[in-house]
Amino acid sequence: MAEGRPAILAEGLEKSYGTTRALAGLDLAVEEGTVLGLLGPNGAGKTTAVRILTTLLAPDAGRAEVTGLDVVRQADELRSKIGLTGQYAAVDEYLTGRENLEMVGRLYHLSKKYSRKRADELLERFDLTGAGSRLVKTYSGGMRRRLDLAASLVYSPPILFLDEPTTGLDPRSRLAMWEIIGELVSGGTTLLLTTQYLDEADRLADRIAVVDTGRVIAEGTADELKAKVGGERLELVVSEDSDLRTAARALERHAKGGAGGGVRTDVDRRHVGATVEGGARLLVSVVRDLDAAGVQVDDLGLHRPTLDDVFLALTGRAAEPSEEGLPGHQEKETA
Amino acid sequence: MSAANVRPEEARPLQRSRLYWAFADGWVLAKRNLVQIPRIPELLVFATIQPVMFVLLFRYVFGGAIDVGGESYVNYLMAGIFVQTVAFGAVTTGIGLAEDLKRGLVDRFRSLPMSRSAVLTGRTIADLVRNVFVVLVMLLVGLLVGFRPEAGVAGWAGAVGLLLLLSFSFSWIGATVALLIGSVEAVQSAGFIWLFPLTFASSAFVQTDNMPDILRAFANNQPITLIVDTVRGLLLDRPVGPEGWQALAWCLGILLVFVPLSVSLYRRVSAR
Ligand SMILES: Nc1ncnc2c1ncn2[C@@H]1O[C@H](COP(=O)(O)OP(=O)(O)OP(=O)(O)O)[C@@H](O)[C@H]1O
Ligand SMILES: [Mg+2]
């Protein structure tokens, strides 16, 4: 591979399904040995992008190369350098877990002996040793998911694509998954993963590309994106409807950017939220202010930006549901 | 690429020719499909019960009313049953492939550096083996209800060989249909739409002489009739005319068209 060439490069990818524009000029660049998190709501085009980059789908326009190989013209050659775990578990129900992994090893053209050894290693690694000799149709959803991920690692390819790798995993499996991904990356694997969770992207990705309606609308490190969102959100719920305005006014004093700086109230939920900076110390002074104003609070907390917040900041609308293109809950700016 | 550089010798892919992998990968997939046959016994049971019912139906319900020119009807019938059973195996092939598509397995296979024809050869070969089993069961049932073949070794070899070729070539049609329409249910219905006219408007169950002109013209010239007549002639030790070569030519022609067609469809098929 040429020096300095990104391991994954996409330029102006376009793809339509009938009248649906899944990709509308998507650009990406992932440096070798780094992790890119593709973050976006349902229907953003993440899976479509992954399918194009893994040679499963030809783009209508634009071009992409992975390890310097064109995904359309050099697809055959490329397949021996990539591993893919798609969004939906692609494992054979009527084979055992071990048979599934051995088969994938054989199809990567690894020797029979090594395929078997590798299958056992991976079963162990993914906590499936006990279930390795059982038919996959008896597996739970999370077990299938883990087996599916194991399958993409049979050959430990230099470039790995994981489409929503932890969706459907319980917290323990998710942590284990994160650990495995971390190890792979420290071993030099280049990884592109899609996710709907900012915390996952935050934890795993060196850089994050936010995708919406088929193009990248923001790209940067997790910190850079969070800076765009504007730091932490302070959220509180008042006990009495009548206190809502008072609380909103109290928050405005602390909100980043002063009055009106992203303070939102939700009358139905007696909820006020604002973007703030200052952590626990700020929390104390907010509480003091509210107390002085005689506002009774049911709930109060600081939280880090979520995907929703990133989306609000970047697009002015909530991440979900994308179909309606409108925020799911009624929030409005305070007057 | 650092990850590739530290790869131990044993973890490196074997280097062989493209043709070698077409066979080796096809065999890996065929084994995968074969080990599944006893694990989904329902499939095999239904694939067997249906032709058994046809044997009983035609032998005992319609048989008395069908004139086949002096021949015992059960002797006439069995060649038709064998051919029909094997031909309908194409639907099994299609359904299996459609399920692989639906479950995303085809996506996984297509992302692997394996031969582009292996998923299809693996499936058609496994279905060939399945058909051998089903035909054996049919033969047993036939013998029980009075079928008395008179073929010698050569006759049997010819008949079995042609049935296997039919099974294999029709499986590729089934695969093509599955790749074109995708959904399991649609593949199932479509199978009946193209296979019913072929098997019933043929000499499988009745002589074509009594059919209306247009139908007879179709029946006499379509592959199922040619194959049935050949198999029947071989099993009953009657002279086989030009239909023998024509039957063979049809099967090879089907392979010549549908193998490349389905492989090229497979290359761009999409799961959803
Ligand atoms: N095979 C297809 N036929 C028709 N439309 C499709 C097809 N695949 C995707 N789409 C459409 O393209 C758009 C992008 O889909 P894609 O699956 O890439 O989104 P995604 O970001 O992966 O979403 P999710 O988070 O739900 O997985 C959506 O509007 C989707 O409905
Ligand atoms: Mg997706």
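Reading a predicted two-chain model

The structure is a predicted model, and over all chains it holds 32 salt bridges.

User: How do I read a salt bridge, and which residue does Arg5(A) pair with?

Analyst: Side chains of opposite charge can pair when their charged atoms come close. Here, Arg5(A) forms a salt bridge with Glu65(A), with 2.9 Å from N to O. The two residues stand 60 residues apart and so belong to distant parts of the chain, by the element numbering used here. Arg5(A) sits in the segment before strand 1 (8–17) of chain A, and Glu65(A) in strand 4 (residues 61–66) of chain A.

User: Where are the domains of chain A?

Analyst: Such bounds come from an automatic or database domain assignment. In chain A, domain 1 covers 8–226 and domain 2 covers 231–304. The C-alpha centres of these two domains of chain A are 40 Å apart.

User: How many salt bridges and polar contacts cross between the chains?

Analyst: Six salt bridges are found across the interface of chain B and chain A. One salt bridge joins the side chains of Asp148(A) and Arg108(B), at 2.6 Å from N to O. Between chain B and chain A there are also twelve residue pairs in polar contact, with both residues at pLDDT 80 or more.

User: Where does ligand 1 lie, and which residues are closest to ligand 1?

Analyst: Ligand 1 lies between chains A and B. It is surrounded by 15 residues, and the closest are Gly43(A), Lys46(A), Thr47(A), Thr48(A) and Gln87(A).

User: What are the distances from polar side-chain atoms to oxygen atoms of ligand 1 for Gln87(A), Glu164(A) and Gln196(A)?

Analyst: For Gln87(A), a polar side-chain atom is 2.8 Å from an oxygen atom of ligand 1. The corresponding distance is 3.2 Å for Glu164(A) and 3.3 Å for Gln196(A).

Key: Residues numbered from 1 in each chain as written. Chains lettered and ligands numbered in written order. Predicted model: local features only at pLDDT ≥ 70, side-chain atom pairs only at ≥ 80, totals over all residues. Heavy atoms only, no water. Salt bridge = Lys/Arg side-chain N within 4 Å of Asp/Glu carboxyl O. Polar contact = N/O pair within 3.5 Å; in protein donor to acceptor, adjacent residues only side chain to side chain. Near = heavy atom within 4 Å. Helix = DSSP H or I, 4+ residues; strand = E, 2+ residues; numbered from the N terminus.
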